[in-house]
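Q: Could you walk me through this chain before I set anything up? I'd like to go piece by piece.

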Amino acid sequence: MSTKEKNQEEVSVLEQETFQHEIVLHNDDVNTFDHVIDSLINVCEHTLEQAEQCATLVHYKGKCTVKSGEYKDLEPRCSKLLQLGLSAELV
């Protein structure tokens with residue numbers, strides 16, 4: 001293996017080790033589909049189709065990852081979802 005290939009492999013591994021956090025939305029018996037969809041569009045910048053799909057997954061599967069990325073970007077979004085009455089966690 002050449003030095004160039006080894007260095008590229010090390011860079012690839014380091015990039016994969018960067019922690020990606022996720023906002024996980026949980027099902028509840030309180031919020032309507034419309035409220036969940038509107039919240040995902042406004043807070044997570046989902047398209048209507050993405051928001052509808054996530055709301056459906058949450059309803060039938062119990063939970064769904066609705067956004068992934070860096071902690072500093074996700075933390076205020078998760079807080080906003082919680083303020084809107086949704087059941088969400090940042091993992």
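Q: What share of the 91 residues in the protein chain is buried?
A: Buried residues make up 26% of the 91, where buried means under 20% relative accessible area, exposed over 50% and partly exposed in between, with a 1.4 Å probe and protein chains only. This is a predicted model, in which local features need pLDDT of at least 70 and side-chain atom pairs count only at pLDDT 80 or more, while totals for chains, interfaces and linings use all residues. Residues are numbered from 1 along each chain as its sequence is written, and side-chain values use heavy atoms, with hydrogens and water left out.

Q: And in what order do the elements of the protein chain run?
A: From the N terminus on, the order is α-β-α-α-β-α-β, with helices (H or I, at least four residues) and strands (E, at least two) taken as DSSP runs numbered from the N terminus.

Q: OK, helix 3: which of its residues are buried?
A: In helix 3 the buried residues are Ala51, Cys54, Ala55 and Val58. Viewed down the axis of helix 3, they fall within an arc of 100°, so they line one face of the helix; the arc is that of the directions from the helix axis to the C-beta atoms.

Q: Which exposed residues are on the face turned away from that buried side?
A: That face of helix 3 carries Glu49, Tyr60 and Lys61 as exposed residues. Just after helix 3, Gly62 takes a positive phi of about 100°.

Q: What covers the buried residues of helix 3?
A: The cover includes strand 1 (21–26), helix 2 and strand 2 (63–69).

Q: Switching to the largest nonpolar core, which residues touch the most other members?
A: Of its 18 residues, those are Ile23, Leu25, Leu40, Val66 and Leu81; a nonpolar core is a set of buried Ala, Val, Leu, Ile, Met, Phe, Trp, Tyr and Cys residues joined through side-chain atoms within 4.5 Å. Helix 2 gives the most to this core, with five residues.

Terms used:
Contact = heavy atoms within 4.5 Å.
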